[in-house]
Amino acid sequence: TLVGKKILVVDDLEDNHDLIHKFLESTEADLLSVLSGEKAIEAVGNESFDLVLMDVQMPVMDGLETTRELRKMGYSKPILSLTAYTSHEDAERCREAGCTGVLTKPVDRVKLITTLNTFLAK
């Protein structure tokens, strides 16, 4: 279900972009990576994405603030937060900000692909 799906990867670390791209290269998804919340808002304003993978911890504009802005802009498709924090409270904060789901870091390839398939099959 990822063939031809356009996914925006938002993370301030290029190593994380590289890892996600490597994990998803066999899925034939169309990936675009940006390094900041500001760039994510710009990208969503200019292109149509089927899903956004959003790092929570970023400088200047963090992932939760970026998610809130994307929702205000009318972006209604799935936003999955990527976070190293795994508590119930952290997951709830992500959902309250507008995230559709939560993936924990370090990212597991199988879980990533399974979760993307679940959200993009809807």
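## Charged pairs, cysteines and a helix contact

The side chains of E69 and K72 meet in a salt bridge, with 3.5 Å from N to O; a salt bridge here is a side-chain nitrogen of Lys or Arg within 4 Å of a carboxyl oxygen of Asp or Glu. This is a predicted model, in which local features need pLDDT of at least 70 and side-chain atom pairs count only at pLDDT 80 or more, while totals for chains, interfaces and linings use all residues. Residues are numbered from 1 along each chain as its sequence is written, and side-chain values use heavy atoms, with hydrogens and water left out.

E69 and K72 are three residues apart in helix α3 (residues 63–72), so about one helical turn separates them. Helices (H or I, at least four residues) and strands (E, at least two) are DSSP runs, numbered from the N terminus. E69 is partly exposed at 29% relative accessibility, whereas K72 is exposed at 66%. In these terms, buried means under 20% relative accessible area, exposed means over 50%, and partly exposed lies in between (1.4 Å probe, protein chains only).

Side chains of opposite charge can pair when their charged atoms come close.

| Salt bridge | N to O distance |
|---|---|
| R93 and D90 | 3.9 Å |
| D11 and K105 | 3.0 Å |

R93 is partly exposed, with a relative accessible area of 39%.

Which parts of the chain does the pair D11 and K105 link? The salt bridge between D11 and K105 links distant parts of the chain, 94 residues apart: D11 is in the loop between β1 (6–10) and α1 (14–24), and K105 is in the loop between β5 (101–104) and α5 (109–120). D11 is buried, with a relative accessible area of 0%, while K105 is partly exposed at 21%.

The cysteines are considered next. A disulfide is a pair of cysteine sulfur atoms within 2.5 Å, and by this rule the count is zero. C94 is in no disulfide, and its nearest cysteine sulfur, that of C99, is 5.0 Å away. C99 is likewise in no disulfide, with the sulfur of C94 as its nearest at 5.0 Å. C94 is buried, with a relative accessible area of 2%, and C99 is buried at 6%.

How do α1 and α5 pack, and at what angle? The angle is about 70 degrees, and the axes are 10 Å apart. Axes are lines fitted to C-alpha atoms, for helices over the stretch in contact, and angles run from 0 to 180 degrees between N-to-C directions. The two helices are therefore roughly perpendicular, since angles under 35 degrees count as roughly parallel, over 145 as roughly antiparallel, 65 to 115 as roughly perpendicular and the rest as oblique. I20, F23 and L24 of α1 and R109, L112, I113 and L116 of α5 make the contact, where contact means heavy atoms within 4.5 Å. The contact residues divide into six nonpolar, no polar and one charged. Ala, Val, Leu, Ile, Met, Phe, Trp, Tyr, Cys and Pro count as nonpolar, Asp, Glu, Lys and Arg as charged, and the others, Gly among them, as polar.
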